[in-house]
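Please look over the sequence and the structure shown here before reading on.

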Amino acid sequence: MSDQITKDALYDAVAPDDFPALIEADRYGRRSDAFDGIIAATQDHFWDPLDSRYIDYATPFDLDTETLIPESLIPALKTDLVSRHLQGRDRVRFINEIGRWILSSLLHGEQGALSLSASLCQLLHDPGAQEYAANQAREEARQVTAFTRYVQVRWGTPLPAGNTITDLLTELVTTPTIFKKIVGMQMLVEGLAMGAFATLYTMSNDPLLVRLTQFTMTDEAFHHKFGKIWATRTMPHLSVEEHDIVEDWAAEVFQIVLFNLVAPDQMPSVYRKFGLDPEEVTAAMADIIGDEERREEMADSTNIFRVLIKTLLKAGIITDRTRALYAFYVDMDELKREGDTMVGDAIAEEGIAFLKKVNAGRKAVTSVAAS
């Protein structure tokens, strides 16, 4: 395919409608073992979202009196316009409705990841890479089930996706270009998601959500490795022109999500529900939230955009050409010194340890029942 940037046969792709290429007799024997470790490890972080031994959706939480997330995570509440307008229970309800939008967005993101993983099964020519994509699709599917169930028990129905996430996910799912799928989903979107999950795990007041985000992170940590393997095998071998294409596209996407992902116009129904005009709120936020505010927020290791920048930096996608764009918000030298450990890795490891215990007991019960 002419628009592919492929430097390793592991990520070689065929056209979406070229099924005959996938049933060539000698293709099956050229299976790479690069992903075998990730695939085999799936049993270590298996979890069933519909089994109360893993997640108990009966865990109570009063959305009328308790805030799902701290109000510090909602920039609009820093404005006099919103802060004075919302007091008491209305303030709590508003915060939780923003939480509903965030969880709905994560649900839409998981559906995007599921659809993208499934689309990779039609494109990847290497049987091992294809098996990995199928394995990730299975894990994304259970996350869709889990977040759907969470939204149902807390609010009943999810909120529509904002234009920014809709446009981004649509591009990533439908493009036949492998580098956009991998950089876009396995690095950009997964980077944003890991930051979001780490933030919710650390700061949410809902123990059910804390458990859900931790289990999700046990999956996402492995999905992120798929992107790291691509970066290791691809980025050092790109020509200058090819590197510029990948780097510029990543920078463009970063700027789009930075300025639009959680803007009031992405969730207009939430603001209108509380008698607020999204455009007026946006204008009020512009008066008090500037670049300095963003820099302070990105100093937090769980900030979603900081996690995203670190992901791109460690993948070798950011060079001196675009470094200033990111350095305007974060200390790039500090990020480089932090090493390869990503936010959420420790949380995921703790979750895997818990899952191994549950799964050991589950296997014992299954074995007895089978006998």
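The model is predicted.

**Helix H8**

Helix H8 runs over residues 240-260. Its 21 residues, at 1.5 Å a residue, should span 30 Å, and the C-alpha atoms at its ends are 30 Å apart, so expectation and model agree. Buried residues in H8 include Glu242, His243, Glu247 and Trp249. Ala250, Phe254, Val257 and Leu258 are also buried, and these four residues of H8 meet Phe305, Leu308, Ile309 and Leu312 of H12. An α-helix has 3.6 residues a turn, so residues three or four places apart point the same way.

**Two helix pairs**

Two packed helices are described by the angle between their axes and the distance between the axes. The table gives both values for each pair.

| Pair | Angle between axes | Distance between axes |
|---|---|---|
| H6 (residues 178-203) and H7 (residues 207-234) | roughly 150° | within 9 Å |
| H8 and H12 (residues 304-314) | about 175° | 11 Å |

The axes of H6 and H7 cross at roughly 150°. An angle over 145 degrees counts as roughly antiparallel, and H6 is therefore roughly antiparallel to H7. The crossing of H6 past H7 is left-handed. Sorted by class, the H6 contact with H7 holds 16 nonpolar, seven polar and three charged residues.

For H8 and H12 the angle is about 175°, which makes H8 roughly antiparallel to H12. What classes of residue make up the contact of H8 with H12? Eight nonpolar residues do, with no polar and no charged residues.

**Thr234**

Thr234 is located in helix H7. Is Thr234 buried or exposed? Its relative accessibility is 1%, so Thr234 counts as buried, the cut-off for buried being under 20%. When neighbours within four places in sequence are left aside, Thr234 is in contact with Ile5 and Lys7.

**Ala161**

Ala161 sits in the loop between helix H4 (127-154) and helix H5 (163-174). With a relative accessible area of 29%, Ala161 is partly exposed, because that class lies between under 20% for buried and over 50% for exposed. Leaving aside neighbours within four places in sequence, Ala161 is in contact with His108 and Thr166. Ala161 and Gln266 are 105 residues apart in sequence, and their C-alpha atoms are 7.8 Å apart in space.

Conventions. Residues are numbered from 1 along each chain as its sequence is written. This is a predicted model: local features need pLDDT of at least 70, side-chain atom pairs count only at pLDDT 80 or more; totals for chains, interfaces and linings use all residues. Side-chain values use heavy atoms; hydrogens and water are left out. Helices (H or I, at least four residues) and strands (E, at least two) are DSSP runs, numbered from the N terminus. The expected span of a helix is 1.5 Å times one less than its number of residues. Buried means under 20% relative accessible area, exposed over 50%, partly exposed in between (1.4 Å probe, protein chains only). Axes are lines fitted to C-alpha atoms, for helices over the stretch in contact, and angles run from 0 to 180 degrees between N-to-C directions. Angles under 35 degrees count as roughly parallel, over 145 as roughly antiparallel, 65 to 115 as roughly perpendicular and the rest as oblique. A crossing is left-handed if the near helix is turned anticlockwise from the far one by less than a right angle, and right-handed if clockwise. Ala, Val, Leu, Ile, Met, Phe, Trp, Tyr, Cys and Pro count as nonpolar, Asp, Glu, Lys and Arg as charged, and the others, Gly among them, as polar. Contact means heavy atoms within 4.5 Å.
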